[in-house]
Amino acid sequence: MTHYALSAASILEAWERGAGQSPLNRALTLLRQTDPAHSLDALACLPVGVRDKRLWSIRKATFGDRVTALATCRPCGDTLEFSFRVSEVCPAEEPAFPSSTSWEHDAWSLTFRLPDTLDLAALGDLPATLPPGRMLAARILESATHDDLPVSVDELPDEVLYELEARLAEIDPLPDLTFALQCPHCHHAWEEAFDIASFLWTEIEAEAHRLLREVGVLARTFGWSEHDILQFSPTRRQAYLELAES
Ligand SMILES: [Zn+2]
């Protein structure tokens, strides 16, 4: 069973590795931290829904079930806080996913796989909520035929691309997450998209800075090494911190 909780040392390691990386690579770096047996290249081939399920597991095991996030109301610029539980938005078990799926309609027949992180990277970090269009279709289609004759992606009519989009949404093991929000100030209502990859990275970054500050204070005061300080439990680190600052 995978151990998803990141230790203090592991958080600093992930933060250091991910600091210069793209958002998509940071998500993979976080996955690798809990799954060192697989290479980044192998993890990049996981469907995006499975990747996100693992990121949620890391979030819950490391920082807890309760999530509090901020959103900005575009019309008035107010900041709005909303919260939810990981267990409300994400299944407890890692979902099973088909390695490839077939769809047939009229004379059309398509076989395709679910998009992965490499596909997102190739599409220029576009959010997965956008209609897949031809670029994505070109990457994930394993075969396409009309009246049993092979057709290229460029020959697929728009209706077929829309159908492909609908099928992808249906079989995605973890659909895109949005929250219906309303601004208490101006009453503007909107759907806020929530991306676990960028949210978790922000939390990792904040936690890494907090840990570095603690290590700095304790090392200066007691002369301990970073390695030793990071081995302490949060409770013991906090107690020494209070001694150091008293
Ligand atoms: Zn507002």
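Figure 1. Residues 24 or more positions apart account for 64% of the contacts in the protein chain that have a separation of 6 or more. The model shown in this and the following views is a predicted one, and its secondary structure comes to 11 helices and 8 strands. Along the principal axes, the C-alpha atoms of the protein chain fill a box of roughly 80 × 50 × 30 Å, and 24% of its 246 residues count as buried.

**Figure 2. The two domains and the side of domain 1 that touches domain 2.** The domain assignment divides the protein chain into domain 1, given as 8-92 + 178-245, and domain 2, given as 101-172. Taken over C-alpha atoms, the centres of domain 1 and domain 2 are separated by 33 Å, and 12 residues of domain 1 are in contact with 12 residues of domain 2. On the side of domain 1 that touches domain 2, the elements giving two or more residues are helix H2 (23-34) and helix H4 (48-63), with the largest share, 4 residues, coming from H2. By residue class, this side of domain 1 is made up of 10 nonpolar residues, 1 polar residue and 1 charged residue.

Figure 3. The buried residues of H1 are Ala8, Ile11, Leu12, Ala14, Trp15 and Gly18. Because these residues cover an arc of only 165 degrees around the axis, they lie on the same side of H1. An α-helix has 3.6 residues a turn, so residues three or four places apart point the same way. The elements that cover the buried residues of H1 include H2, H9 and H10. When its neighbours within four places in sequence are left aside, isoleucine 11 is in contact with Leu6, Ile204, Glu207, Ala208 and Leu211.

**Figure 4. The antiparallel hairpin of strands E7 and E8.** Strand E7 (residues 177-182) and strand E8 (residues 189-194) run antiparallel and are joined by 6 bridges. Within this pairing, phenylalanine 179 has glutamate 192 of E8 as its bridge partner. The hairpin has 6 residues between the strands, and histidine 187 in this hairpin takes a positive phi near 70 degrees.

**Figure 5. Two loop aspartates with positive phi.** Most residues other than glycine have a negative phi, and most peptide bonds are trans. Aspartate 106, in the loop between strand E3 (101-105) and strand E4 (108-112), has a positive phi near 50 degrees. Aspartate 106 counts as exposed because it has 9 C-beta neighbours inside 10 Å, where the cut-off for an exposed residue is 12 or fewer. Aspartate 148, found in the loop between strand E5 (141-146) and strand E6 (149-150), likewise takes a positive value of phi, near 65 degrees. Aspartate 148 has 7 C-beta neighbours inside 10 Å and therefore also counts as exposed.

Conventions: Residues numbered from 1 in each chain as written. Predicted model: local features only at pLDDT ≥ 70, side-chain atom pairs only at ≥ 80, totals over all residues. Domains from an automatic or database assignment. Contact = placed C-beta atoms within 7 Å. Nonpolar A, V, L, I, M, F, W, Y, C, P; charged D, E, K, R; others polar. Buried ≥ 20, exposed ≤ 12 C-beta atoms within 10 Å, placed from the backbone. Arc of directions from axis to C-beta. Pairing = 2+ DSSP bridges.
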